[in-house]
Amino acid sequence: MHKWFLLLSIRQRVVLFLTLVLSLLIIIFGFLKGQGTQADTNLSVGVDLSIRQIAPELGVTGKALARELSLPLDVSKSKQLRELNVSPDELSHAAHHLLSHTDATAKYYVYVALVLIGFVYLTFLGRPDGAGVDQRKSWYPRLPYILVLIISVGIAGFYLGKSPNPMEGIVKVFKSMVGLYPDPLAKVMAFIFFLILAIIGNKLICGWACPFGALQELAYSVPMFRKFRRFKLPFVFTNTIRAGLLLLMLMLLFGVVGGREGFVVYHYINPFNLFDIHFEGITVLLAVIIFLIGSFFVYRPFCQLICPFGFVSWMVERLSISKVQIDKEKCVQCGACIKACPCDAARDRVYGRHLQADCFSCGRCLNTCPVDAIRYGCDFSMKSQLDRQPRG
Ligand code: SF4
Ligand code: SF4
Ligand code: SF4
């Protein structure tokens, strides 16, 4: 890390400084803008009121409140909840859960700042200007990445709570379609926001900013478990499960199977509840425990096997502006980057496979190549890097 910083050119140090200042300003602006938009979690609602009276207070539709209270979506919205046999405890639990989904506005800005840092680091700073292959061990040190991950977990996770997050970003769009949110356009906009961040740099929102992704990445980075990490989940297997689960979710949500419109299967395994320290059922707690313990041994099991945003962002990876690129002319297929990669992403790129596994822009492969054939960048930055003559 120290050597890396010393090798950076003046231009790169200026870029680093400006990026950090800009990121800080974005975060501060986000917190200032977010003030006063926090949900009133002390809201007082009672069972002598109807769904129609309570739902607007919680910022949801009557259908969403009915679903949360385990009532049919078409239940009478004008009856008192007492008449529908809803107890005060059940109402309080439902209200707490719905309010926990209220987006913390500042978090959108934190995501932007973290993605910006990831983008600049991987594209312009990880490899010092002019450093030759003999100095490649000084390229892309892990410490800046680990620090960003800790910020993601601490601020975008535990400090600001579970919402918004990329996974819910896509699920809420589908929930809007069955009338569970009063503002479908806002949900679509939030999803587009996450998708744009995924496209700017290959899944940078997942690799650098999503708090549950960061927690899994940190667990996987613990050195003492390194010798147990021989197993990579085959992409065909993980992606089939991930896609199948999304399909199942849609069929259940729209009542095509199960006959219970509005049923959201992810609700029962949503690990983002961890950031509110609020587990609504044993399945959620179990999911958090299983995926976190699993992350010490397998790379991002929740992202690879379950997350619907992981699946959707994988589909748009080819549109990414900045990503891992392999110079096929130089590559001698030595396998060094494939070995360093925690999933099938590097392998699929080296062999130019049509179906390529998700790359989480973790940067592990970028300092491994003996012939300098692998880089991270967009076309214009690649060109400018190639134009600079190596020193070594
Ligand atoms: S794939 Fe992983 S990192 Fe990306 S949104 Fe889902 S949980 Fe977060
Ligand atoms: S190591 Fe694999 S996942 Fe990480 S940046 Fe390289 S190709 Fe992508
Ligand atoms: S490390 Fe370099 S030469 Fe070896 S397979 Fe990867 S890109 Fe090709």
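I began with the shell around ligand 1, whose residues divide into nine nonpolar, two polar and one charged. The model is predicted. I then listed the residues that surround ligand 1: Pro 166, Met 167, Cys 206, Cys 210, Phe 212, Gly 213, Arg 300, Phe 302, Cys 303, Cys 307, Phe 309 and Gly 310. Next I looked up the helices behind this shell. Helices H8 (166-177), H11 (211-221), H14 (301-305) and H15 (308-315) each supply at least two of its residues.

I turned to ligand 2. I found 13 residues around it, and Cys 341, Cys 359, Cys 362, Arg 364 and Cys 365 come nearest. By class, I noted 10 nonpolar, two polar and one charged in the shell of ligand 2.

Domains came next. I have domain 1 as 2-36 + 104-317, domain 2 as 51-100 and domain 3 as 321-387. Taken over C-alpha atoms, the centres of domain 1 and domain 2 are separated by 31 Å. I checked their contact: 12 residues of domain 1 meet eight residues of domain 2. On the domain 1 side, I see three nonpolar, five polar and four charged residues.

Last, I took a helix pair. H6 (residues 105-125) and H9 (residues 184-200) pack at about 10°, and their axes lie 10 Å apart. I call H6 roughly parallel to H9, because angles under 35 degrees count as such. From H6, the contact uses Tyr 108, Tyr 111, Val 115 and Phe 119; from H9, it uses Phe 193, Leu 197 and Ile 200. I noted seven nonpolar residues in this contact of H6 with H9, with no polar and no charged ones.

Definitions and conventions
Residues numbered from 1 in each chain as written. Chains lettered and ligands numbered in written order. Predicted model: local features only at pLDDT ≥ 70, side-chain atom pairs only at ≥ 80, totals over all residues. Near = placed C-beta within 6 Å. Nonpolar A, V, L, I, M, F, W, Y, C, P; charged D, E, K, R; others polar. Domains from an automatic or database assignment. Contact = placed C-beta atoms within 7 Å. Helix = DSSP H or I, 4+ residues; strand = E, 2+ residues; numbered from the N terminus. Axes fitted to C-alpha atoms, helices over the stretch in contact; angles between N-to-C directions. Parallel < 35°, antiparallel > 145°, perpendicular 65-115°, else oblique.
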